[in-house]
Amino acid sequence: MGFTAEDIKSLREETGCGVIDCKKALEESNGNRDKAKDLLRKRGLEMAMKKGDREAKEGRVESYVHNGSKIGVIVEVNCETDFVARSQDYITFSKDVAMHIAAMSPKYIKKEDVPADALIKEPNQAEYFKQNCLLQQPFVKDASKTIQDYLNELIAKIGENIRVSRFIRYKVGE
């Protein structure tokens, strides 16, 4: 065992995953912190995929108005229970997504929402998705992950299906 209880605690604080999950990831990676984070990320993605079919009818509507009151966003983020909708992690995620939408101006939530006729004239569809689909965009607060990555981390941490249902972005003069 090439790690200590302090390593487990530190990994838990950094990832938000449970103590047991952090311990298992460190055991499987022989104490290698980076490999442990990758394992936790992969497990989070697997968990998110398993929960994706579950119904999410609770949630919150978050708003964001940028300094100067020239850009405003309203976003609906859904989850399975009102208990989760009131949790600080969920609220922070909702606020971050609203701010991200104000900054990055996505047109769609996911690539499946893009109409086929919009893709016909696009030579590089992958780049189009990255620029126009919320879940594919690099997160403005941490460009090393996408909004989808951030969402998957939250799903793994909370243990419920969470999804961004809809949003609208207003800009003065547009």
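Mentor: A residue is called buried under 20% relative accessible area, exposed over 50%, and partly exposed in between, with a 1.4 Å probe and protein chains only. Accessible areas come from the Shrake-Rupley method with that 1.4 Å probe, and for residues only the protein chains shown count as cover.

Trainee: What kind of model is this?

Mentor: It is a predicted model, in which local features need pLDDT of at least 70 and side-chain atom pairs count only at pLDDT 80 or more, while totals for chains, interfaces and linings use all residues. Residues are numbered from 1 along each chain as its sequence is written, and side-chain values use heavy atoms, with hydrogens and water left out.

Trainee: How many helices and strands does the chain have?

Mentor: The chain has eight helices and five strands. These are DSSP runs numbered from the N terminus, with helices (H or I) of at least four residues and strands (E) of at least two. Along the sequence they follow the pattern α-α-α-β-β-α-α-α-α-β-β-α-β.

Trainee: And what are the overall dimensions of the C-alpha trace?

Mentor: Along its principal axes the trace spans about 60 × 40 × 35 Å. Of the 174 residues of the chain, 36% count as buried.

Trainee: On to the cysteines. Are Cys22 and Cys79 buried or exposed?

Mentor: Cys22 is buried, because its relative accessibility is 0%. Cys79 is buried as well, because its relative accessibility is also 0%.

Trainee: How many disulfides are there?

Mentor: The count is zero, where a disulfide is a pair of cysteine sulfur atoms within 2.5 Å.

Trainee: Changing topic, how many salt bridges does the structure hold?

Mentor: The structure holds 10 salt bridges. Each is a side-chain nitrogen of Lys or Arg within 4 Å of a carboxyl oxygen of Asp or Glu.

Trainee: Why would such side chains pair?

Mentor: Side chains of opposite charge can pair when their charged atoms come close.

Trainee: Which residue forms a salt bridge with Glu76?

Mentor: Arg166 does, with the closest N and O atoms 2.5 Å apart. Glu76 lies in strand S2 (residues 71-79) and Arg166 in strand S5, so this pair ties together parts that are 90 residues apart in sequence. Arg166 counts as exposed because its relative accessibility is 56%.

Trainee: What about Glu55 and Lys57?

Mentor: Their side chains meet in a salt bridge at 2.8 Å, N to O. Both Glu55 and Lys57 are exposed.

Trainee: And what do the side chains of Arg86 and Asp82 do?

Mentor: Arg86 and Asp82 also meet in a salt bridge, at 3.1 Å, N to O. Arg86 is exposed, with a relative accessible area of 56%, whereas Asp82 is partly exposed at 41%. Elsewhere, salt bridges that share partners join Arg60, Glu62 and Lys95 into one network.

Trainee: Now the pocket. What is the volume of the largest one?

Mentor: The largest pocket has a volume of about 530 Å³. On a 1 Å grid over the protein atoms alone, a pocket is an open set of points where a 1.4 Å probe fits, with protein on both sides within 12 Å along at least five of seven lines; lining residues have an atom within 4 Å of a point. Grid points are joined across faces, edges and corners, and the volume is the space filled by probe spheres set on the points.

Trainee: Which residues lie nearest its centre?

Mentor: Of the 21 lining residues, Glu14, Thr15, Lys145, Asp149 and Glu153 lie nearest the centre of the largest pocket. Two or more lining residues come from each of helix H1 (5-15), helix H3 (33-51), helix H5 (88-104), strand S4 (142-146) and helix H8 (147-158). H8 gives the most, with seven residues.

Trainee: Which residues make the nonpolar surface patch?

Mentor: Val61, Ile74, Ile168 and Tyr170 make this patch of about 380 Å². Patch residues have over 30% relative accessible area and no salt bridge; nonpolar side chains (Val, Leu, Ile, Met, Phe, Trp, Tyr) are joined within 5 Å, and like charges within 9 Å. Tyr170 is found in strand S5 (residues 163-171) and is partly exposed, at 49% relative accessibility.

Trainee: Last one: what is the phi of Asn30?

Mentor: Asn30 has a positive phi of about 55°, although it is not a glycine. Asn30 sits in the loop between helix H2 (19-28) and H3, and is exposed at 66% relative accessibility. Ser69, likewise not a glycine, has a positive phi of about 55°; Ser69 is in the loop between strand S1 (58-65) and S2.
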